[in-house]
Amino acid sequence: MHHKEHDIVRQVLDAQQDSYAADRLIERYLPFIRAETAKFLSRPPTDSDDELSIAMIAFHEAVCGYAKGRGAFLSYAATVIRSRLIDYDRRERRHRGSISLDAPHGEEDGTLLETLSDPADHAGRLATREATAFEIRELTEQMQGFGVSLSDVADNCPRQERTLAACRAAFTYAKSRPDLLEQVVRTGKLPLSELAQGSGVERKTLERHRKYLLALLLICTNGYEIIRGHLHQVLKGGGKA
């Protein structure tokens, strides 16, 4: 066990110096990230849960912020993941009224979560997990060809709702223009002038989040069905912005 922890620390220190090593580490520990998300949700996360994305970003944050004096890495990463999920949950509760899945539902003693839950489908979850990991590997390899890593995308992700809304507008406009998507794949560059003019978003905003937008558009040009489904869930709140 002691040797295993030393091996994890070595991988983390390598990942701090190499963004591609960080991507591989996130892939390798995706089951751990899912497990920590499941603890928070009190159910297995699905690929459309925003919390899973938050947990993956938090794991990357833990990788970047880890030092040997912080103790066992996985314990530290679990703490960071839970902290970020709590922060996310509080923000969501402030922005809109929320119903607790653990609250009593109807006249029965059961909870809303129990009402919504289906019997566990272990084979189905395993197949979905394997398919998701395959899509992530494929997307990672494609982005590498454009000089972008998953770590870059996480770092470049908009943090404020106003900025996210601006990126959402540019993304929606680009999706309506197949010629722009083809241009992105062919050149590996965002047509910033056309995106700014067509979406009404300031060019400097697009430039700041270039890698994030590039990843979104690449996802739309290939058969990343699971990732695209999750992306739809993340961006579907466009009408509120």
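**Exercise 1.** Is R10 buried, exposed or partly exposed?

Before the solution, a word on the model. It is predicted, so local features need pLDDT of at least 70 and side-chain atom pairs count only at pLDDT 80 or more, while totals for chains, interfaces and linings use all residues. Residues are numbered from 1 along each chain as its sequence is written, and side-chain values use heavy atoms, leaving out hydrogens and water.

*Solution.* Start with the cut-offs: buried means under 20% relative accessible area, exposed over 50%, and partly exposed in between (1.4 Å probe, protein chains only). R10 has a relative accessible area of 45%, so R10 is partly exposed. Its partner is next: R10 and D14 form a salt bridge at 3.5 Å, N to O (a side-chain nitrogen of Lys or Arg within 4 Å of a carboxyl oxygen of Asp or Glu). D14, at 39%, is partly exposed too.

**Exercise 2.** Which salt bridge does R43 form, and how accessible are its two residues?

*Solution.* R43 pairs with D49, with the closest N and O atoms 3.0 Å apart. R43 is partly exposed at 23%, whereas D49 is buried at 10%.
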